[in-house]
Amino acid sequence: MSGRTRAIESYRAHARQFTVLALTACASAAVPVGLPPRTAHSVPSAPPQSGTPASPPTPAAATVPSAAEALGTAASSTSIISGVAAASVTVSAGGWHGCGLAASGAAYCWGNNDRGQLGNGATKDRSPPVVVAGGLAFAAVSVGSTHTCGLTTSGAAYCWGENRLSTLGTGSSANSAKPVAVAGGLAFAMMSASGAHTCGVTRSGAAYCWGSNEDGQLGDGTHAARSKPVAVSGGLMFAAVTAGVAHTCGLTTGGAAYCWGDNSDGQLGNGTRAASSTPVAVTGKMIFATVSAGFYFTCGLTSAGAAYCWGRNDRGQLGIGTTGAWRSTPVAVAGGLSFVSVSAPGSGTHACGLTARGAVWCWGDNIAGQLGNGTRTSSATPVPVAGGLAFVAVGTGVVHSCARTTSGAVYCWGNNDRGQLGDGTRTASLTPVPVRTVTSR
């Protein structure tokens, strides 16, 4: 088990010794370690704001719009980045913070900021959202546990936040509270940030990763950490990659799923529990439309919209109707729902799926209300998020979730001890609450 993974497990165990009511998205073979039993209402809190980090369980310049401009004509104390073209607004939830993109490409983040992961040049937690510094126009953003990465419209990669394990990809280990360019000058089509590493796919389909590599999660055939992007071995052409806590999965242009890194709970999906520092094919020869790597588990959607998960299942995060036994090959999520997207947090133990009609269903751990159904009862099968809202995107964090509506408004639910719900409070919510108006600092 890697140092980062041990820290996450230890951190979670320590957090469960306390009872808190404040309720967070983000992501070496290890002996399978079951998470310790939780006491009632115990919730993993965010890392301390000072002192030695207790690692948690990941260019076209543009004028940054004012809050009113970002909000358009719908500006109010309870609306978020709304009133803009819905198809151009995205949301991503990470460890204990979240980020969103306005149609202009301006990035806004909120929640935990002790490592500078909000990108506003400071290290103070913020809720409502603040504008990411630098005036860059982003096409996509990915939120990790304590760092964030974004892609500009030209494919240039920038990251900010914690860099102790070189997750920013700058060639150094210095944290940055503002966006810094990823080394190498590669043009990326997508990126995925997790707890201890980051990966991306270039516009030519090559996968690159950087950061911690104790479990082989960078996929380069070694266990050497990398402070700059290194090519994933095998010569496969990928359409997307997804970074979990200590493993990574990729989807080829033909829809085949491959995974690499830690496999202690079968999260690579190849029918074994042997780690691999190079990509191995997920068993079953299914054609996937998307995959999402979580905390020792992985979920994917077939081209027909059927959801499958594999790996650890101690919290019901596989959604198969049972808990306990890990699965080393894909198993169908119960309920027969058809999804258009699925999200599993790199450091969390729940998952959410979005249907074509805009309904979000979640399953797994619900200690903080991260399933959004108005309870704290965990569920081994999908349960609908309350409120009847129509969503077009969903993201999951350690113990919170966020989603964007068809109008461009963003809602979050679950833990809020660091302001990660973005509603201007530290009050947890078991159902969706709107992220509030952005602020300029």
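Trainee: Is Gln370 buried or exposed, and at what relative accessibility?

Mentor: The model discussed here is predicted. In it, Gln370 sits in the loop between strand S23 (360–364) and strand S24 (379–384). A residue counts as buried when its relative accessible area is under 20%. Gln370 falls below that cut-off and is therefore buried, at a relative accessibility of 0%.

Trainee: Which residues does Gln370 touch, leaving aside residues up to four places away in sequence?

Mentor: Contact here means heavy atoms within 4.5 Å. With residues up to four places away in sequence not counted, the residues that Gln370 touches are His350, Cys362, Asp365, Val398, Val399, His400, Ser401, Trp413 and Gly414.

Trainee: Which backbone oxygen does the side chain of Gln370 reach?

Mentor: The side chain of Gln370 has a polar atom 3.5 Å from the backbone nitrogen of Ile367. The side chain of Gln370 also reaches a backbone oxygen, at 3.2 Å, and that oxygen belongs to Asp365.

Trainee: Where does Tyr296 lie?

Mentor: Tyr296 is a residue other than glycine with a positive phi, near 70 degrees. Tyr296 counts as buried because its relative accessibility is 1%. Its place in the chain is the loop between strand S17 (288–293) and strand S18 (297–302).

Trainee: Which strand holds Pro128?

Mentor: The peptide bond from Ser127 to Pro128 is cis, and its omega is near 10 degrees. Pro128 belongs to the strand that covers residues 126–131, namely strand S4.

Trainee: What percentage of the residues in the chain do buried residues make up?

Mentor: The chain exposes about 13,900 Å², and carbon and sulfur atoms supply 55% of that area. Gln370, at 0% relative accessibility, is one of the buried residues. Of the 441 residues in the chain, the buried ones make up 61%.

How values were computed. Residues are numbered from 1 along each chain as its sequence is written. This is a predicted model: local features need pLDDT of at least 70, side-chain atom pairs count only at pLDDT 80 or more; totals for chains, interfaces and linings use all residues. Side-chain values use heavy atoms; hydrogens and water are left out. Buried means under 20% relative accessible area, exposed over 50%, partly exposed in between (1.4 Å probe, protein chains only). Accessible areas come from the Shrake-Rupley method with a 1.4 Å probe; for residues, only the protein chains shown count as cover. Helices (H or I, at least four residues) and strands (E, at least two) are DSSP runs, numbered from the N terminus. A polar contact is a pair of N or O atoms within 3.5 Å; within protein, one must be able to donate a hydrogen and the other to accept it, and residues adjacent in sequence count only if both atoms are side-chain atoms.
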